[in-house]
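Trainee: I'm new to this one, could you walk me through it?
Mentor: Gladly, let's look at it together and take your questions as they come.

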Amino acid sequence: VLDEGLAHSAVAFAPDGESFAAGGGGGAISIYQVAAFDDGGDPQYMPGHTGRVLSLVYSPLGDLLASGSADETVRVWAAEDREMLAVLSFHDLDVTCVAFSPQGSYLASSSADGKVIIWDTAEAKRGAGKHVRRFSSSSLVSAVCFSPDGSYLATVASNTEICVYDLLSESDDPRFTFGAKGIIASADSRTSSPRGTAKALTFSPDGTRLISGGSTGDALVWMLEEQDEDPDEPIRVLPYSGAGVATQVSYGITAIECTPDGERVGISYEDGTE
């Protein structure tokens with residue numbers, strides 16, 4: 001358990017699993033060594049942000065750490081020596097999510113201002129804030145992720161709309177759009193109900209499906225293909241299964257991740273269950 005007297009709002013493990021980063025209301029990022037964590041080893045601190053740290057992610061090679069903050073900036077750090085390499089400023093409100101592409105060449109950031117920016121990682125290493133693509137939403141964008149092959153970027157907004165952009169195309173319009181009506185079939189497929197606000201998003205390992213989740217506690221599975229059917233109907237609903245089931249109270253989803261074989265989905269809920 002992290003015990004620093006601060007509420008942590010972001011945690012990320014390094015790819016080698018030997019360390020992890022945590023950030024919260026103080027603006028500083030704490031780096032913990034897993035081997036020393038159970039023995040009460042002190043973390044190493046990386047100050048810089050002037051607002052709450054809302055998102056953290058390591059690059060695929062583990063050489064970089066990116067952070068997004070309520071101070072409206074993205075910061076890129078050298079993971080080994082904890083040096084801040086770049087401050088990426090383009091957003092006008094909280095930076096809600098940061099994500100590296102699978103090859104680590106690009107870094108995407110989303111914000112409460114509705115903007116999604118793709119940054120050039122090589123330029124960030126040199127201290128420059130060069131962005132290569134920009135997409136916009138009419139609502140707060142709460143999560144962003146790349147497809148496993150890096151050809152698509154998916155975003156989910158607070159109004160439940162999911163947009164999937166084809167990064168191999170020059171068009172800034174989404175290739176696929178899901179959930180624009182904010183209504184889904186209920187778990188028994190007989191009635192409809194409001195979807196609530198969306199907070200989490202991930203691709204399946206083969207890149208053919210998206211899984212989203214939010215305040216209702218239900219996870220929604222969407223198929224990426226030419227949409228002959230209603231794009232507002234997911235192909236599957238995974239009902240809330242947290243601790244609140246016993247009291248008939250649903251808690252929102254905070255994180256979603258697929259197993260490498262794509263057979264299972266890990267879900268973290270606001271009630272602390274997984």
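Trainee: In which sense do strand β6 and strand β7 pair, and over how many bridges?
Mentor: Strand β6 (residues 64–69) and strand β7 (residues 73–78) run antiparallel to each other and pair over five bridges; strands here are DSSP runs of E, at least two residues long, numbered from the N terminus, as helices are from runs of H or I of at least four, and two strands pair if DSSP finds at least two bridges between them. Before we go on, this is a predicted model, where local features need pLDDT of at least 70, side-chain atom pairs count only at pLDDT 80 or more, and totals for chains, interfaces and linings use all residues. Residues are numbered from 1 along each chain as its sequence is written, and side-chain values use heavy atoms, with hydrogens and water left out.

Trainee: OK, and what's the bridge partner of A66 in β7?
Mentor: A66 has V76 as its bridge partner there.

Trainee: Which order do the strands of that open sheet come in?
Mentor: The order is β5-β6-β7-β8, four strands with antiparallel pairing. The edge strands, each pairing on one side only, are β5 (53–58) and β8 (83–89).

Trainee: Switching topic, how many salt bridges are there?
Mentor: The count comes to eight, taking a salt bridge as a side-chain nitrogen of Lys or Arg within 4 Å of a carboxyl oxygen of Asp or Glu. One of them joins R133 and D172, at 3.3 Å from N to O. That pair links distant parts of the chain, 39 residues apart, with R133 in strand β12 (residues 131–136) and D172 in the loop between β15 (162–166) and β16 (176–178).

Trainee: Is R133 buried or exposed?
Mentor: R133 is buried, with a relative accessible area of 17%, whereas D172 is partly exposed at 45%; buried means under 20% relative accessible area, exposed over 50%, and partly exposed in between, using a 1.4 Å probe and protein chains only.

Trainee: What does E123 form a salt bridge with?
Mentor: E123 forms one with R126, the closest N and O atoms being 2.7 Å apart, and R126 counts as exposed at 60% relative accessibility.

Trainee: Last one, where is T155 found?
Mentor: T155 lies in strand β14 (residues 152–157), and is buried, with a relative accessible area of 5%. Leaving aside residues up to four places away in sequence, T155 touches several residues, among them V116, V141, C163 and L201, where contact means heavy atoms within 4.5 Å.
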